[in-house]
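Please keep the structure in view while reading.

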Amino acid sequence: MSNRSGGVLRYFASVTKTVIAIVFLIPLIFTLLVSLRPETEPVTKGNIFFGSELTFENFERAIAIAPWSLHYINSLIFVAGTLLVQLVTVTCAAYAFARMRFLGRDLLLMVILLQLMIPSGVLLVQNFRMINTLGLFDTRIALMIPYWGSAFGVLLLRQTFREVPIELEEAARIDGANLAQVIRHVYVTNAIPAYLAFALVSVSTHWNEFLWPFIITRSEAIRPLTLGLNKLIKTTDQGAFYGQLMAGTLIVIAPLVILFLLFQRQFVESFARSGIR
Amino acid sequence: MSCTRIACLVLLLIAMTAGAAMAQDDVVIDFYFPSATANDAEGIFQRYADMFQEENPGITINSVFSGSYTDTRNTILTELQGGGAGPDVAVMLSIDLYSFAEEGYIVPAQSFIDAMEDGDAYVSDFFPALMANGVDEMGTVWSIPFQRSTPILYYNADLLAEAGYDAPPTNNTELVEIAQALTTDERDGLLVPVAGGFPIWMYQSFAIAYGRNIVSDDPTEVYFNTPEAVAAVEFVRSLGTDLGVGPAGGAAWGDTPVAFLAGQAAMIYHTTGNLSRILDGAEFEVGVWYLPSGPAGEDGSGYGSPTGGGNLYIFDDGSKSDEELDAIWKWVLFLSSPQIQSDWGATTGYIASNATAWETEPLASRAMEYPQYGVARDQLQYADKEFSSYATITIQGIINKTLESILTGESEDAQAAMDAAQAQIDGILAEYK
Amino acid sequence: MRAQSPRRSHLSVLQPYLLIAPTLILVLMFNVLPAIKTVYDSTHRPARGLNAAGKAPDYVGLQNFRDLFDEAHYMGTRFQRTLRNTIVFALATVVIGVPLGLLLALLLNHKQPLLGLWRFAVFYPSLLPLIGAASIWSFIFSDSIGLANAVLKSLGHPGLNWLGDRNLVLLSVIVVNIWKQAGYFMIFFLAGLQNIPRDIYESASLDGASDRQQFTALTLPLLRRTLLFVIVISFIFAFQTVEQLQALGEGGPNDSANLLLYLIFQNISERRNWGYVNAMTIVLIGVVLTFTIANFLLFERDESN
């Protein structure tokens, strides 16, 4: 009895799984198909899957619209520069909040947590003024600086650090380790999954960011990938040439999608072990 | 302690970059432009900048792509309101005049023109209709026409011929007749792109064809609930409902030319800014004609189209040196010269804005080869001012929202909806009287 | 470290503050101070009319908020409709997206052939930039040349105006959001599921519990924390995600699919509306704050249990 119902359930599960996966994949598949179709043949004309020929015209046009390799480099610098500083600031603060006693600790933590409650996205104008006051407009620093402090990271690592047995720190102290050595060898080494998860969230968030870079930069020389894509989207003001748009979209999304395809197991596992839940 | 030290280093880094300043010997002109054309606008502007820099050593043009027209306006306003430097010269919609003049961000081109030896000749070479939005109620010229356009009627001449029509419609009655004859399950007879957030421009051409524009030369007056204005929106709505020649609620702006090129729309209203792309992309004979005339009459008074597109604006809060302003004006003169206007018009389809440009290569021979280019120019004699007033952005928003609610059937009673909108508009404009 | 020599004590008093200083200063600069400025600005209104430029804003008390809740006011109409949409949008994401994420996690938790591919299929949307995802869907939803209508037409249906019909456009935006987020939610549930010890299920199976009994009696209670967390972040996300509207109908006809943060974004550049923009920002922060505090309280209570 239990066996048969299990069989039915498993059958039902694999049907559901297949249907959902296909529905979810359709946009990606058609992005690819449309990018390879001649522009004068939208999917409403002729065969829905393939046009009269396969063409790379759309890619050629999309590539000509923006300096993609420059945008790639800019995006890399943006996410790496953001993450590296974050790792330092977050580690320092998380250690202090996890293991030190000091006046006003809970209050200061609450202040930092305010960041989670007041999304910087809604403070665009005021933050823009702040950047201008600092004289940072249209610089790489301006892109990254609002994210260098991360309440999410502090919260995540504080939690992880607290689970590190205090005896490990005490032992290290007796061996003569200073604070930096304690943090590096006791806490950081024991929190790698949490760091990995934090890095993944940080990188994918900033890699995909649009509004802030759009407002705070002017020069092509420092603008990230999403702004190249925006340029493609905005050419639709004069006609939605989807072949070209889909080709450009593929250029932008390919790296993260391929990386995930290769590393999805590690990705999911580091999430599972990070304590994000 | 190295952890604290790194933390201090980060703080120091923040402080240092804040103080860093760039040294520059040349006069640098920051020039912002919107992506208005599907062609490679950046490449074209780079070419112009190179030509200009060769003629004017010591001046560097820094061209910045700034998104759509709306993005451009918003980013420049955000930048200036946040205390930023902003551009020196920008291409923005011709109707953005009051938004920027009200704030004191731009200076009139008039003073530069007055200082020219042949200033009158320079101004009078521009088509009068294209100057309408760049001049304030006192007659002062603020901005110079650059990438200008009007809506025109594109038609698939092959399809019309198949159905026995060898000429395009010249009035609304013929327009509906032909559109209905050409509508099939696979194809729309007529697409008027009023969906997608900006119906006011297309709508205005109907309002003018019905006999009364919704604006005048007085920026404190808007006429949105007149009988003509109401009749015009009801006609546009009926295209998608009773007359059934297009989608209810109107077509989307970007989809319209693509559907036309694919043969899925027999006729479309669209901007002349797309002329080159459509001529180059079509596999059938593309016809172009004036927007059909409305009830106001076929003697010409019933033809109607607003002008559109972007002008060159000069930004100065009073802090720029004569040398800088001189360089800025040189760049504006260069971009509005017949030579560049001819090249820009031939490459994109925007209406070259001065008469001399049409006698200059490459446009002269392009217009000879494709008479379609001349139609857009000749329609200018019937064209009228595009919507613009004080508090333009807010009032335009009210009009757009009201039109959308009528066109999608949310407000069945057009007159009532437009009366309510007019009351809100009058309330805002009262602050300026 | 609690037994330090007196010589170092003055330094160690400062130490924790130095460690948190960078984070604290950055948060103060880019979140707290701007938020306080927003509160102040929401009670003010820029000078309007001729020659208003350069004049100081007027103090208006709560008038900006009153206008927002006035149906006849031009911004009031837009605000109220947009607030309603935002709530519908958030609820729909939670009610459909979260269970879908849970379902996916349950389906894709166990070892099975092609597991990586299945997970990829449902997770890749959350890797895309919002603006990229929206550009893909703008093609699917295009009225005259889009995929959805091409399929409908091949089935004999005349097609739907996905982004132009005021009754459909919010639905379209919700569909995109669920497609984008479900895989992301799944990851959290997968993490939660993998933290449940396997042997619990084994002993339950030995006791003869059916799959359904195991799910309701074991899985759901053990996933309670994850579930709460996902619900809260999905709400908060829903109030903060707007970039897709840039490519998907820009709020729809007459704001039929506009969302609060996008309405704010649409109005930040016109000075006359700044009072309203700041007031709307306060409303938005209020909503997000409520959810976050609720989340925090629930968690703290959970932890102390």
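Two residues are taken to be in contact if their C-beta atoms, placed from the backbone, lie within 7 Å. On that basis, residues 24 or more positions apart account for 73% of the contacts in chain B that have a separation of 6 or more. The model is predicted, and the points below should be read with that in mind.

**Overall form of chain B**
- Chain B contains 19 helices and twelve strands, and 56% of its 433 residues count as buried.
- Its radius of gyration is 23 Å, which agrees with the value near 22 Å that a compact globule of 433 residues would have.
- Taken along the principal axes, the C-alpha atoms of chain B fill a box of roughly 80 × 55 × 50 Å.

**Domains of chain B**
- Chain B is divided into domain 1 (24-149 + 308-384) and domain 2 (151-306 + 390-432), and the C-alpha centres of these domains lie 27 Å apart.
- Where the two domains touch, domain 1 of chain B contributes 26 residues and domain 2 of chain B contributes 27 residues.
- On the side of domain 1 of chain B that touches domain 2, the elements giving two or more residues include helix H4 (97-101) and helix H15 (338-348) of chain B, while H17(B) gives the most, with five residues.
- The residues on this side of domain 1 of chain B divide into twelve nonpolar, ten polar and four charged.

**A four-stranded sheet in chain B**
- Four strands of chain B form an open sheet with mixed pairing, in the order E7-E8-E6-E9.
- Strand E7 (188-191) and strand E9 (286-289) of chain B each have a single partner strand, so one side of each is left without a neighbour in the sheet.
- Neighbouring strands of this sheet are turned by 20° against each other on average, direction ignored.
- Strand E6 (residues 151-156) of chain B runs antiparallel to E9(B) and is joined to it by four bridges; B:Tyr154 has B:Val288 in E9(B) as its bridge partner.
- H17(B) packs on the sheet, where it touches E6 and E9 of chain B, and its direction makes about 15° with that of E9(B).
- Helix H9 (residues 172-182) of chain B lies across E7 and strand E8 (265-271) of chain B, and runs at about 140° to E7(B).

**Contact between chains A and C**
- This contact takes 77 residues from chain A and 72 residues from chain C.
- On the side of chain A that touches chain C, the largest share, 16 residues, comes from H1(A).
- The residues on that side of chain A divide into 54 nonpolar, 19 polar and four charged.

Conventions
Residues are numbered from 1 along each chain as its sequence is written. Chains are lettered from A and ligands numbered from 1 in the order in which they are written. This is a predicted model: local features need pLDDT of at least 70, side-chain atom pairs count only at pLDDT 80 or more; totals for chains, interfaces and linings use all residues. Ala, Val, Leu, Ile, Met, Phe, Trp, Tyr, Cys and Pro count as nonpolar, Asp, Glu, Lys and Arg as charged, and the others, Gly among them, as polar. The radius of gyration is taken over C-alpha atoms; the globule rule is 2.2 Å times the number of residues to the power 0.38. A residue is buried if 20 or more other C-beta atoms lie within 10 Å of its own, exposed if 12 or fewer, and partly exposed in between; C-beta atoms are placed from the backbone. Domain bounds come from an automatic or database domain assignment. Two strands pair if DSSP finds at least two bridges between them. Axes are lines fitted to C-alpha atoms, for helices over the stretch in contact, and angles run from 0 to 180 degrees between N-to-C directions.
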